[in-house]
Amino acid sequence: MSCCGVFKLQFSLRRSEDDGPVFKKQDGDRFESAITVKLNANTKYTVFLTSRPARSIKKVFLKAEKLEINQQRPERADDNCNVYHADWSTIGFDVNKSNVRTYLPIVIEMDSGLRVETKLQVKVYPETETTHCKWGDELHMLDLECAVKADKTAVEIRKVQYI
């Protein structure tokens with residue numbers, strides 16, 4: 001399969017209220033994905049999205065909700081990346097029962113009509129739950145290695161890492 005460009009997209013979430021991390025856990029083969037990200041219902045989060053090397057991101061949808069993205073400066077002036085952030089919340093989300101997961105579709109529309117689609121497997125805990133939602137490992141980012149296919153409109157996700 002021939003490609004015209006390889007790039008990375010890094011997606012991360014932080015709790016807006018206290019800039020706290022979100023956590024992930026290994027779920028093995030019980031669900032569609034082996035990794036579950038833990039979120040609280042009725043909670044505000046900050047979404048960060050980085051493209052390396054720098055690519056313009058035009059729109060971001062999380063669970064079909066269009067996010068208002070704002071571009072930020074990279075931490076280092078010589079870093080060849082674009083960094084964006086947006087606010088997002090789980091207001092109105094149903095709390096998951098035991099052995100149930102929710103899937104959050106993520107759609108990222110980039111310049112030149114490129115579109116990246118993936119999803120996060122999450123477990124939603126009650127808003128005030130602070131014990132179970134912090135069991136596991138801190139999720140720093142979802143790291144997607146992407147390649148533009150030869151037709152220059154489709155993007156293949158070659159590798160997914162939960163870091």
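Predicted model: local features only at pLDDT ≥ 70, side-chain atom pairs only at ≥ 80, totals over all residues.
Which ring does the charged end of K63 sit over? The views below take up that question and several others.

View 1. Residues are numbered from 1 along each chain as its sequence is written, and side-chain values use heavy atoms, with hydrogens and water left out. The charged end of K63 sits over the ring of F93, 4.0 Å from the ring centre. (A charge sits over a ring if NZ of Lys or CZ of Arg is within 6 Å of the ring centre and within 35 degrees of the ring normal.)

**View 2. Two aromatic pairs are found in the structure.** Rings of Phe, Tyr and Trp (its six-membered ring) pair if their centres lie within 6.5 Å; planes under 30 degrees apart count as stacked, over 60 as edge-to-face and the rest as tilted. Y45 and W88 form a tilted pair because their ring planes stand at 40°, with the centres 6.0 Å apart. Y45 belongs to strand β4 (residues 44-52) and W88 to strand β8, so this pair ties together parts that are 43 residues apart in sequence. (Helices, H or I with at least four residues, and strands, E with at least two, are DSSP runs numbered from the N terminus.) The rings of W88 and F93 have their centres 5.7 Å apart and their planes at 85°, so that pair is edge-to-face. Y45 is buried at a relative accessible area of 1%, and W88 is buried at 3%. F93 is buried as well. (Buried means under 20% relative accessible area, exposed over 50%, and partly exposed in between, with a 1.4 Å probe and protein chains only.)

**View 3. A network of salt bridges links K25, D27, R30 and R101.** Side chains of opposite charge can pair when their charged atoms come close. A salt bridge here is a side-chain nitrogen of Lys or Arg within 4 Å of a carboxyl oxygen of Asp or Glu, and the count by this rule is 11. D27 lies in the loop between β2 (22-26) and β3 (35-40), while R101 lies in the loop between β8 (82-89) and β9 (102-110), 74 residues apart. Are these two residues, D27 and R101, buried or exposed? Both D27 and R101 are buried.

**View 4. K119 takes part in a salt bridge with E32 and sits over the ring of Y103.** The closest N and O atoms of K119 and E32 are 2.5 Å apart. This pair links distant parts of the chain, with K119 in strand β10 (residues 115-125) and E32 in the loop between β2 and β3, 87 residues apart. The charged end of K119 is 5.4 Å from the centre of the Y103 ring. K119 is partly exposed at 39% relative accessibility, whereas E32 is exposed at 56%.

**View 5. E138 and R14 join in a salt bridge.** The N to O distance is 3.8 Å. E138 is in strand β11 (residues 137-139) and R14 in strand β1 (residues 3-15), which puts them 124 residues apart. Both count as partly exposed, E138 at 31% relative accessibility and R14 at 23%.

**View 6. Strand β2 pairs with β11 and with β3.** Two strands pair if DSSP finds at least two bridges between them. Three bridges join β2 to β11 in an antiparallel arrangement, and V22 has L139 as its bridge partner in β11. β2 and β3 also run antiparallel, over four bridges; here the partner of F23 is K38.

**View 7. Some backbone features worth a look.** The peptide bond from R52 to P53 is cis, with omega near -10°, and P53 is found in the loop between β4 and β5 (57-62). D19 has a positive phi of about 55° although it is not a glycine. D19 is in the loop between β1 and β2 and is partly exposed, at 48%. S112, also not a glycine, has a positive phi of about 60°. S112 is in the loop between β9 and β10 and is exposed at 65% relative accessibility.
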